[in-house]
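Me: Hi! I'm new to this one, could you walk me through it?
Reply: Happy to, here it is.

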Amino acid sequence: MDIKNLFENEYLLLDGAMGTMLQKKGMPLGAIPETLNVTNPDWVIDVHRQYIREGSRVIYANTFGANSLKLAGSGYSVPELVGAAIQNARRAAEGSGAFVALDIGPIGQLLEPTGALTFEEAYEVFSKTVEAGRGADLIVIETMTDLYEAKAAVLAAKEHSDLPVFVTMTFEENRRTFTGCSVSAMCLTLEGLGVDALGVNCSLGPAELLPIVEEIARWTSLPIIVKPNAGLPDPETNAYNVLPEEFAAVCKKMLSFGARILGGCCGTNPSYIGKLREMLKEASEEGLFQNAAPDSVLSLCTPLKTVRISEPRVIGERINPTGKKRFREALAAEDMDYILSQAFSQIEAGADLLDVNVGAPGIDEAGMMVKTVKALQSVTDLPLQIDSTKPEVLEAALRVYNGKALVNSVNGEEASLRAILPLIKKYGAAVVCLTLDENGIPPKAEERFAIAEKIMKRALSFGIKKENILIDCLVLTVSAEQKAAMETLKAVRMVKEKLGLKTVLGVSNISFGLPNRLSINTSFFTMALYAGLDLPIMNPNVPSMMWAMKAYKALAAIDENSLGFISWSRDHEPDDVIVKKLRAELAGSVPKAPAAVPAGVPALDIRKAPLHPAGCSCPECAGLADEKRVREILKAMETGMKAEGRRLTAGYLKECDSMSIINKVLIPALDTVGEKFEKGRIFLPQLILAADVAKECFDEIKSSLSAGGTGAAKGKILLATVKGDIHDIGKNIVKVILENYGYEVLDLGRDVPPDTIVEATLREGIRLVGLSALMTTTLGSMEETIRRLRAAGADCRIMVGGAVLTPDYAKKIGADFYAKDAKQSADIAKEVLG
Amino acid sequence: MNAYKVKLNSLDGRDALRYLGLKEGLADPAMASLFEKCKARLLAVIDARYVYRVFPFAGGLLEGSAYQPRGGTIARHLAGAERVILLAATLGSGTDLLIRRSRFLGMTETMMVDALASEAIERVLDAAEAGIFSRLGPDPHTFRYSPGYGDLPLEGQKELLEVLDARKRIGLYVNESMLMTPSKSVTCLIGTGGNLRGEAKKTCRDCSLDGKCSFRQNGGTCYR
Ligand code: B12
Ligand code: SF4
Ligand SMILES: [Zn+2]
Ligand SMILES: [Zn+2]
């Protein structure tokens, strides 16, 4: 009998806990339970048999922790233990018709971005277990708290076997897993990946799981699995507090939400399974069997955030190198910070989703896409739209994306449909379909509609759900083809009304070649929203566009009682005020606040200024102009005005070249700040603030420079907290101080392995390396790092610091300098780099 | 052995300022308001939990535990205790995410959030300690002694966390170099009952830095 038929129309009973049963049999403290498959097979078989006797139709082989990382050093291999476990389960099941599941638990190490294990490594680990367990009838992935890890396991299971896959994750009472994954994200992501059933196990008793199961039912149409603990353990006795009758009674309440596959986790034993069997028999007779009826509105997600497209949402378009020199340079230099800063400004501006496009000449697009997606999901929680024309780039991104993504795009060309639709299906994404084909973009709305309909049918035939199909009716520039705008809008309306699909448009293209583009853009945007646009791809940093969106939602009664509009108004300046300010600034007539002269800088004496014509460039005048600039920048630094720093720098760039701004303005200003800090006239927080402003100024200069490094700062210094140590507050202070003295700092972070430090030192030609350690246990890795640096022949000096170090010890481990505090690091840097 | 949550409603920021080397506090009103903003942001993402287990203690051994503390300083600390509590606490992974994210708001924010989080984990431990003794009864007990302090080896950390089943109960992981993730996490031992001889309040006596650290040199300590 095929197991899939088994839960199609009836309940399926799983087993109960294995670990607790083995402990009762005398498994020694601290033993690896999976080794018992070999050392005590009789125990394992007996536990399986007890569950089968009570009615389990599926037994989980004793393979929960059988992965290559956990077994390392145990003396056993994965194939050995998994093979034995499946054999034991088979023997126990003989003659009973019970099915055997390969049980896969978490690896036991944290995945990136929080942990060190990469997604690809996790996939490899799971693949080995799956390969060893192909003799099972199905694969169960359970007790997952990290959606990323669950995804790696599902991909491994599907790509290394044809077995059905069940997945259960472990939630806390706040309906989140420890890593923050929500119920909706689990359902959207795992159902998309094509698992056969999903649900929850462990951590809570049935009563606490009840609301979680209810929520799962709202997000998936798959059969729901529930394997609760026997209540909660007592802190003193460690005994669980829910008895079998009550356990079964509460589980019964879950059936109406669509729970169909049941069993027990920690603290349960065969009598819990027996009670479940009785309860399920009763329920079948009472006709409680229920299919879930989930949400059918498109939602996209990351583990932390689910964005439901129940109303228009903004896709931020700024992570895209097209027409942006600074962005292309950042890509070439793999400057992730720049790319992430583009993400943050859009998030602050109110984007709901972020488009990611990293295609540029000379870039390994797939590699860069993976890097960018991983970097983005390490700091933001907005769902992403993966944007590329290349199937291999899309696939690379979809693999490592954690959640449910939107893909841009497929079009009506046969080659495109064939290459891209299978990827959408396999990875469970949603897809934007462009209404063009082999013959280009048809002029008429009806023709575009026809292409949309054709793509929709093809997508459906691939098994892609209707809600995951979105249509882009394509915006053409109205200056080139005036009638095109209305055709596009007509097509949007037709797609919306006749096909019932969500729509996407890149709205900024409309105004190319016309004056006052903003007014064309905002008007067209409003018209498009009215025609049925759901997802505009636009620049959220343009206030008028965001205002248009908010206004539309208020007018269309989407924003109930205009509350959203009102709260937006509280935090954002209205259009006309912004425009007025911009105009005034351009005209140079912004009423300037009288510049308070910061202490320590001689005031500019107007009487001493030579009587030369305005704009004169003689040394005397230039010197005076620089002095004035230093004062302005200093003020911005000391008051922490980042935007002001940027604005000032942009102004200077119009007047003189970037190197002289760096050498004659920024560095002297930073020196002044440093001096004041030394003399105790300003304190650390101001120093940090100043560094933040300086960073903005340098960024502004970078973005104006053409390709080719800047060589801006005085020299590059590498900083790291050594392997094994997380204490990084001190190292971070050192970083701030050094940056304030005008040095460029390459900060490798904390817990940095010696190899990484050596590699970076050689690659970047670093001449000064700073290492930090705060624990006696990590002095060893500091010593090791120094030894490796010397052995590799790195031409650098090494300074060390941290609470446990002494000058003597620093000398003993071969460091060139010991720094008692952060201030000394600047003196050392001066000595080494000048 | 059960997992408990701790809800922190406020932080006074005193420890954080000390970690940042600011004995005088924040005079600048703009800085002070930024500090408050960081506090609010941090408090909103902290998802603090702790897990503990109480073991009978006799002859220097925890009965029924795969983890045993080694070394002279911990022996002295637990001397005379009848029971020993193993405790692990964490602020959760949301705090690490916030710290990673702060980098894009500015260095000031990052350092403030980081230092505040270090303070927060200490307050969570205070709350855990109070919770434990409200359940056990208000017995006298020693201060919290962490692996890595005195000569109690950090290497025991892995076993200690396994005994507490900390990964499953509170989502706390440890790697081969004994680093815990989420990073704002702490493990410790507390002795209680019997003829306790260990101090109830933290001292510098067993610290490998005894007196040589920057805190002491500035006339303070690294603890409250
Ligand atoms: C804050 C803190 C934490 C925070 C960490 C926050 C962070 N992101 O850094 C938290 C609470 C999370 C923590 C946890 C732990 N901690 Co802790 N922690 C501290 C504490 C109290 C203060 C450190 C600090 O930030 N000081 C302030 C900074 C500004 O000073 P600094 O680092 O010394 O840096 C200055 C100088 O040294 C110098 N400098 C430093 N590095 C460098 C580098 C260069 C190149 C230069 C030039 C200069 C320089 O310049 C800096 C500025 O002036 C210290 C106590 C102490 N005396 O240091 C214990 C301490 C370091 N921790 C300790 C331990 C054992 C731990 C734990 C292992 C405990 C446990 N078992 O759970 C855990 C590990 C956590 C994990 N995830 O694995 C021990 C280490 C003992 C030892 N002998 O090795 C200490 C010493 C406490 C003690 N007395 O026992 N800890
Ligand atoms: S104040 Fe200094 S000496 Fe005392 S425990 Fe803390 S680090 Fe050690
Ligand atoms: Zn369990
Ligand atoms: Zn002149």
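**Where the chains meet**

Reply: Across the interface of chain B and chain A, six residue pairs are in polar contact, both at pLDDT 80 or more. A polar contact is a pair of N or O atoms within 3.5 Å; within protein, one must be able to donate a hydrogen and the other to accept it, and residues adjacent in sequence count only if both atoms are side-chain atoms. This is a predicted model: local features need pLDDT of at least 70, side-chain atom pairs count only at pLDDT 80 or more, and totals for chains, interfaces and linings use all residues. Residues are numbered from 1 along each chain as its sequence is written, chains are lettered from A and ligands numbered from 1 in the order written, and side-chain values use heavy atoms, leaving out hydrogens and water.

Me: How many salt bridges are there between chain B and chain A?
Reply: Two, counting a side-chain nitrogen of Lys or Arg within 4 Å of a carboxyl oxygen of Asp or Glu. R49(B) and E172(A) form a salt bridge through their side chains, at 3.6 Å from N to O.

Me: And how many residues of chain B are in contact with chain A?
Reply: 48 residues of chain B, touching 58 of chain A, where contact means heavy atoms within 4.5 Å.

Me: New topic: what comes just after α14(A)?
Reply: G350(A), with a positive phi of about 110°. Helices here are DSSP runs (H or I, at least four residues), numbered from the N terminus.

Me: Which residues of α14(A) are buried?
Reply: Among them are M336(A), Y338(A) and F344(A); buried means under 20% relative accessible area with a 1.4 Å probe, protein chains only.

Note on methods. Buried means under 20% relative accessible area, exposed over 50%, partly exposed in between (1.4 Å probe, protein chains only). Helices (H or I, at least four residues) and strands (E, at least two) are DSSP runs, numbered from the N terminus.
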